[in-house]
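Take a look at it first, then read on for a tour of some of its parts.

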Amino acid sequence: MAKSSSHASLRGVVGWAATEPRSPAEERLETAVLTPASPTARPGPLSPEQTRRFREVVLVHADAAYNLALRLSRRPDVAEDIVNDAYVRALGAFSNYRGGDGRSWILTIVRNRFYDWLRDQRRKATAPLSRPANDADDDEDWDFPDTEQDDPEEALAKKSQAGALHALIDRLPPRLREVIILREMEEFSYREIAVMTESPIGSVMSRLARAPGALAEAWRAHEAKLGEARP
Amino acid sequence: MSGCPDWQERLQGLIDGELDAAHAVEVEAHVAGCAACSEAYADALKLRTALRGEDVRVVAPDILTLRLEAMVRAAEASAAPAAPVTPSAAVVRPFSGGRRRDRALWGFGGAGVALAACAVLAVSVVPAMQTAQLEQDLVAGHVRSQLVGHLTDVVTSDQHVVKPWFGGKLDFSPPVIDLADQGFPLVGGRLDYIGKRTVAAIVYRRGRHVINLFVWPGSGELGPAEAKPGDGYTLLHWTRGGMTFWAVSDVNEKDLQAFRQLLQARIPA
């Protein structure tokens with residue numbers, strides 16, 4: 001199905017109605033997703049049927065939402081706030097729900113809320129900014145300093161496999177963190193990720209080629225270290 | 001980066017099942033002949049296995065789940081005494097998951113009933129093994145899907161629609177891969193109940209024949225892939241990527257084996 005030729009054009013991947021782009025950019029997909037059917041339709045109180053549907057379609061993805069928020073923000077307290085805020089918005093907009101994949105929708109909102117938070121951090125930042133050396137995307141790769149982060153040796157020495165992987169992912173810039181999570185943990189297709197991250201599919205592909213590559217090498221080093229402990 | 005820079009994206013595309021057959025073959029050929037890329041490929045697969053391991057994907061803390069649930073309940077409560085719905089709010093909006101074609105298309109009529117009876121009989125004489133009951137369930141599921149005109153709940157050849165459709169209904173995410181370019185077009189998906197659990201049934205077509213691919217998590221105690229032809233029905237099972245697959249169809253065994261191999265090539269181990 002997903003041929004290289006289809007990478008060129010994005011069609012209705014997740015079943016949301018598209019609309020013309022608006023600014024600010026981060027609102028685009030959320031509103032596109034929920035374009036009211038008529039000008040008078042607006043977010044409002046939900047009927048029991050709608051809340052039932054909201055539970056089925058959106059609330060069930062709370063774990064996925066938190067997982068994304070935590071890996072992006074790297075701070076449990078911030079992740080909780082981001083998810084909470086995302087669900088407030090989703091609930092408010094749900095009366096305009098017209099079908100589609102609830103998981104990609106809530107994850108898109110989570111992602112956008114994270115970048116809002118990140119922008120705030122940057123504005124407030126007094127600490128030296130951390131910038132990756134391979135900073136091709138300029139500001140897009142800006143990341144706040146990860147105070148919780150151990151040095152690389154310590155990160156890899158983590159006892160649990162999950163802990164070590166988290167540490168490795170957390171060292172990547174946010175644009176790579178998000179594609180890793182959306183692709184490897186949520187298993188979205190390239191096209192879906194392109195829509196969710198509002199990136200050309202080519203950028204998604206190049207990020208996906210970069211991110212796992214960097215991770216895979218680190219992971220192999222980690223496994224080699226634990227070689228004796230594993231069959 | 002250990003692989004060839006020029007092949008990096010295509011290599012990742014192969015791993016992600018995002019290449020068409022022609023490109024996949026091309027990349028596989030390169031990987032086979034390039035030590036660096038073959039190593040990068042192995043690393044990537046190892047990383048994938050690790051990333052999909054236990055506890056890597058964290059779950060929401062209970063306190064957050066409770067907060068969200070309370071939020072939904074509050075929204076419902078506030079709506080309870082609401083005024084009569086406005087005309088605009090009353091508009092029934094099309095739900096994209098509800099696109100359906102005429103299901104009668106898939107009804108096979110009387111001949112199907114007779115065939116079905118044969119099939120069930122054929123399966124019931126399979127030597128009593130631990131999988132006999134399961135196989136019976138599977139054939140019954142396959143037959144039922146065609147008899148009651150309930151082949152699919154979501155009818156679309158778009159794998160990106162079928163997969164999310166399963167998303168909210170199952171506690172696992174079955175791989176949904178269209179093989180139209182290989183002569184096995186995806187028809188849609190539905191839920192089925194096999195071996196005391198809800199499973200994904202992904203429906204393909206081969207010419208006029210229907211292939212039901214049943215998928216659920218777990219590798220079970222089943223042996224390697226094997227075909228069990230029986231009176232017009234062929235069952236084939238295998239495991240991959242932590243999932244159990246059963247293909248059931250009345251296509252010949254060779255075709256079903258080809259179908260399995262095509263799927264295998266696109267499903268990460």
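## Chain A at a glance

Among contacts in chain A between residues at least 6 apart in sequence, 69% join residues at least 24 apart; contact here means heavy atoms within 4.5 Å. Chain A has ten helices and zero strands, and reading along its sequence gives α-α-α-α-α-α-α-α-α-α. Helices (H or I, at least four residues) and strands (E, at least two) are DSSP runs, numbered from the N terminus. Of chain A's 231 residues, 53% count as buried. Buried means under 20% relative accessible area, exposed means over 50%, and partly exposed is in between (1.4 Å probe, protein chains only).

A few ground rules: this is a predicted model, where local features need pLDDT of at least 70 and side-chain atom pairs count only at pLDDT 80 or more, while totals for chains, interfaces and linings use all residues. Residues are numbered from 1 along each chain as its sequence is written, chains are lettered from A and ligands numbered from 1 in the order in which they are written, and side-chain values use heavy atoms, with hydrogens and water left out.

## Rings that meet

How many aromatic pairs are there over all chains? The count comes to nine, where rings of Phe, Tyr and Trp (its six-membered ring) pair if their centres lie within 6.5 Å, and planes under 30 degrees apart count as stacked, over 60 as edge-to-face and the rest as tilted. Take Phe54(A) and Phe94(A): their ring centres are 5.0 Å apart and their planes sit at 85 degrees, so this pair is edge-to-face.

Phe54(A) lies in helix α2 (residues 48–57) of chain A, and Phe94(A) in the loop between α4 (76–93) and α5 (102–124) of chain A, so the pair ties together parts that are 40 residues apart in sequence. Both Phe54(A) and Phe94(A) are buried. They also belong to one aromatic cluster, together with Tyr87(A) and Trp105(A).

## Two loop residues with positive phi

Now for a pair of glutamates. Glu187(A) has a phi near 60 degrees, a positive value in a residue other than glycine. You'll find Glu187(A) in the loop between α8 (174–185) and α9 (190–196) of chain A, where it counts as partly exposed at 25% relative accessibility.

Glu198(A) isn't a glycine either, yet its phi is positive, at about 50 degrees. Look for Glu198(A) in the loop between α9 and α10 (201–225) of chain A; its relative accessible area is 31%, so it is partly exposed.

## Two helices crossing in chain B

Over in chain B, helix α1 (residues 8–15) packs against helix α3 (residues 35–51) at an angle of about 45 degrees, with the axes 11 Å apart. That makes α1(B) oblique to α3(B). For such labels, angles under 35 degrees count as roughly parallel, over 145 as roughly antiparallel, 65 to 115 as roughly perpendicular and the rest as oblique. Axes are lines fitted to C-alpha atoms, for helices over the stretch in contact, and angles run from 0 to 180 degrees between N-to-C directions.

Which residues of α1(B) meet α3(B)? They are Leu11(B), Gln12(B), Leu14(B) and Ile15(B), and their partners in α3(B) are Cys37(B), Ala40(B), Tyr41(B), Ala44(B), Leu45(B) and Arg48(B).

## One more stop in chain B

Gln264(B) sits in helix α9 (residues 253–266) of chain B. With a relative accessible area of 15%, Gln264(B) is buried. Leaving out residues up to four places away in sequence, Gln264(B) touches Trp238(B) and Arg240(B).
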